Amino acid sequence: MDQNEVDQEAESEVELGEELSVEEQLKEDLGKEKDKFLRLFAEFENYKKRTSKERMDLFKTAGQEVILSLLPVMDDFDRALAEISKSDDDGMYQGVLLINNKLRETLKSKGLLEVEVKEGDDFDAEIHDAVTQVPAPDKKLKGKIIDVIQKGYKLGDKIIRHPKVVVGN
């Protein structure tokens with residue numbers, strides 16, 4: 001081999017090395033682009049899930065304002081039933097009771113549930129709204145609910161009105 005052949009061979013090896021580095025560069029670029037694509041795809045999937053969940057939550061609580069405005073009407077029905085039950089007019093009591101039950105069942109079908117609270121239950125600040133504290137008539141009632149002033153309601157899993165209670169101190 002003469003010097004020209006050695007130089008040509010060295011040049012071809014350099015070109016081959018450059019080609020490999022170009023090929024390696026392209027593979028690296030492809031890997032980066034693939035990674036960006038996968039990240040973008042995962043981000044889009046998360047976006048779809050999040051918006052779907054938000055939409056479902058919106059549908060669940062779409063009538064919340066209307067239902068909130070009907071809660072005082074339900075309170076009035078409870079007071080009316082308590083007063084009518086004291087009278088001798090059983091027909092009027094039954095009529096008001098039927099209307100009350102129909103309203104409650106309609107709202108229940110829309111997802112409204114009463115928060116179950118009774119005297120003697122433990123007070124929970126996340127669920128109950130303490131209106132006042134009174135000395136407990138019995139040591140067992142200390143930190144417990146003495147009286148329920150106003151019923152609480154939840155729409156689905158969300159409490160839309162906390163029950164107002166009196167707590168024993």
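Predicted model: local features only at pLDDT ≥ 70, side-chain atom pairs only at ≥ 80, totals over all residues.
Local features need pLDDT of at least 70 and side-chain atom pairs pLDDT 80 or more, while totals for chains, interfaces and linings use all residues. Residues are numbered from 1 along each chain, and side-chain values use heavy atoms, without hydrogens and water.

Helix H2 spans residues 64-84 and helix H3 residues 90-109; their axes lie 10 Å apart at an angle of about 155°. H2 is therefore roughly antiparallel to H3 (angles over 145 degrees). On the H2 side the contact (heavy atoms within 4.5 Å) includes Ile 67, Leu 70 and Phe 77, and on the H3 side Val 96, Asn 100 and Leu 103. The contact residues comprise 14 nonpolar, one polar and two charged.

The largest pocket holds about 200 Å³ of space. A pocket is an open set of points on a 1 Å grid where a 1.4 Å probe fits, with protein on both sides within 12 Å along at least five of seven lines; lining residues have an atom within 4 Å of a point. H2, H3 and strand S1 (112-115) each supply at least two lining residues. Among the lining residues are Met 74, Asp 78, Arg 104, Lys 151 and Tyr 153. Four lining residues are nonpolar, none polar and seven charged.

Note on methods. Axes fitted to C-alpha atoms, helices over the stretch in contact; angles between N-to-C directions. Helix = DSSP H or I, 4+ residues; strand = E, 2+ residues; numbered from the N terminus. Parallel < 35°, antiparallel > 145°, perpendicular 65-115°, else oblique. Nonpolar A, V, L, I, M, F, W, Y, C, P; charged D, E, K, R; others polar. Points joined across faces, edges and corners; volume = space filled by probe spheres on them.
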